[in-house]
Amino acid sequence: MRPSFRRRKLARRLRRMREEAGMTIEDAAARLDKHRNSLYRIEAGETKVDVHLARTMMDVYDHYAPDLLDQVRDALTPGWWTTYGLRNMGYVDIETEAVAVRELTLLHIPGLLQTEDYARAVLESGQRWSKPELAAHVKVRMVRQRRLIAEDDPLHLTALVDETALRQRIGSSALMREQLEYLTMVAEIDTVDLRVLPQTIGAHAGQRGPFTLLYFPDPAEPPLLYVSYATGALHSEDPDQVNRAKVLFENLLGLALAPAESVALIERVHAEFE
């Protein structure tokens, strides 16, 4: 299972501390009374770090960081979604730490902008869940949306939605009307930039597949590209892949309707559902 984002973030910090101290991984491992492979796994985020080891690292690297122990404790704390009985929530783990999300969707409304009924219908169609599992996933999706209106640590969303997603019937016509009405409401939130790619532009490069770019408050944390597919997901911090995704997203923004025009199109599609 992939280490949590907080653990990977901590691991990168510990590696930078060692490098800034001018120590090789072999030298540091010997000073820390660790095997080289053990320290390597720590710096890859594969092995947990406790506060005692973190204190020792600060001594060995001659680097006192008052907030490091708090970061260690945070990395050891289970994700908030575990309170709903869910464990491996890779994307939610990343989004929780992000300050901004830029998302392209083709067939579905973005999860952060879904109504409860729409979310339930999408989740039911994608995988077989027990009733408790389905209810938990829907609840987590609704909780994620609260950050769009949070006073502290709000999440900023730029959502590029293909017109196909507006017309793709998920559930009943009544469910779709409710979802489209909800979109026109959330489009007014300051943290939401909702843009529609109209069918009139024809084929576009974004039709190769949906993707999400996530940005973090710490300048030391590189943006991350997230791509979900049928059997898993790609999490990439590779600068080349991320930059190409950035360029593609900007190009698609240039093709998308302005916010007011996007809402007008959503309202027209809403009127077509009977």
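**Before the views: what "exposed" and "buried" stand for.** A residue is called exposed when its relative accessible area is over 50%, buried when that area is under 20%, and partly exposed in between. Keep in mind that this is a predicted model.

**View 1. Asp-62, out in a loop.** Start with Asp-62, which sits in the loop between helix H4 (51-60) and helix H5 (68-76). Its relative accessible area is 72%, so Asp-62 is exposed. Have a look at the backbone here too: phi of Asp-62 is near 50°, a positive value in a residue other than glycine.

**View 2. The whole chain, for bearings.** Step back and you'll find 12 helices and 6 strands in the protein chain. Taken along the principal axes, the C-alpha atoms fill a box of roughly 70 × 40 × 35 Å. The chain has 274 residues, and buried ones make up 47% of them. Its accessible surface comes to about 14400 Å², with 50% of that belonging to carbon and sulfur atoms. As for how the chain meets itself, take the contacts between residues at least 6 apart in sequence: 72% of these join residues at least 24 apart.

**View 3. Met-23, tucked into a loop.** Here's a loop residue with another story: Met-23 is found between helix H1 (5-20) and helix H2 (25-31). Met-23 counts as buried because its relative accessibility is 12%. Setting aside residues up to four places away in sequence, Met-23 touches Arg-18, Ala-28, Arg-31, Val-60 and Tyr-61.

**View 4. Asp-153, another positive phi.** Asp-153 belongs to the loop between helix H8 (131-145) and strand S2 (156-162). Asp-153 isn't a glycine, yet it has a positive phi of about 55°. Is this residue buried, exposed or partly exposed? Asp-153 has 46% relative accessibility, so it counts as partly exposed.

**View 5. The largest nonpolar core.** Nonpolar side chains tend to be buried together in soluble globular proteins. In this model, the largest nonpolar core has 36 residues, and those with the most contacts inside it are Ile-109, Leu-113, Leu-166, Leu-183, Leu-194 and Leu-214. Elements giving two or more residues to this core include helix H6 (90-97), strand S2, strand S3 (192-197) and helix H12 (259-272). Which element gives the most to this core? That's helix H10, with 5 residues. Apart from this core lies another one, of 23 residues, among them Met-17, Ile-25, Leu-32 and Ala-54. Back with Ile-109, and leaving out residues up to four places away in sequence, its partners are Gln-114, Tyr-118, Val-161, Ala-165, Leu-166, Gln-179 and Leu-183.

View 6. With 2% relative accessibility, Gln-114 counts as buried. Neighbours within four places in sequence aside, Gln-114 is in contact with Ile-109, Ala-119, Arg-141, Met-142, Gln-145, Gln-179 and Tyr-182.

**View 7. Helix H7 and what covers it.** H7 spans residues 116-126, and Tyr-118, Ala-119, Ala-121, Val-122 and Leu-123 are buried in it. What lies over these buried residues includes helix H8 (131-145), helix H9 (163-167) and helix H10 (173-186).

**View 8. Ala-159 in strand S2.** Ala-159 has its place in strand S2. The relative accessible area of Ala-159 is 0%, so this residue is buried. Not counting residues up to four places away in sequence, Ala-159 touches Glu-103, Pro-110, Leu-113, Asp-193, Leu-194 and Arg-195. Arg-244 is 85 residues from Ala-159 in sequence and 18 Å from it in space, C-alpha to C-alpha.

**View 9. The second largest pocket.** This pocket has a volume of about 340 Å³. How many residues line it? There are 14, and Phe-211, Leu-225, Val-227, Ala-245 and Leu-248 lie nearest its centre. Strand S5 (224-229) and helix H11 (239-255) each supply at least two lining residues, and H11 gives the most, with 4. Sorted by class, the lining has 8 nonpolar, 4 polar and 2 charged residues.

Notes: Residues numbered from 1 in each chain as written. Predicted model: local features only at pLDDT ≥ 70, side-chain atom pairs only at ≥ 80, totals over all residues. Heavy atoms only, no water. Buried < 20%, exposed > 50% of the residue type's maximum accessible area, 1.4 Å probe, protein only. Contact = heavy atoms within 4.5 Å. 1 Å grid on protein atoms, 1.4 Å probe; cavity = no way out; pocket = protein on both sides within 12 Å on 5 of 7 lines; lining within 4 Å. Points joined across faces, edges and corners; volume = space filled by probe spheres on them. Nonpolar A, V, L, I, M, F, W, Y, C, P; charged D, E, K, R; others polar. Core = buried A, V, L, I, M, F, W, Y, C linked by side-chain atoms within 4.5 Å. Areas by Shrake-Rupley, 256 points an atom, 1.4 Å probe, with all protein chains shown as cover.
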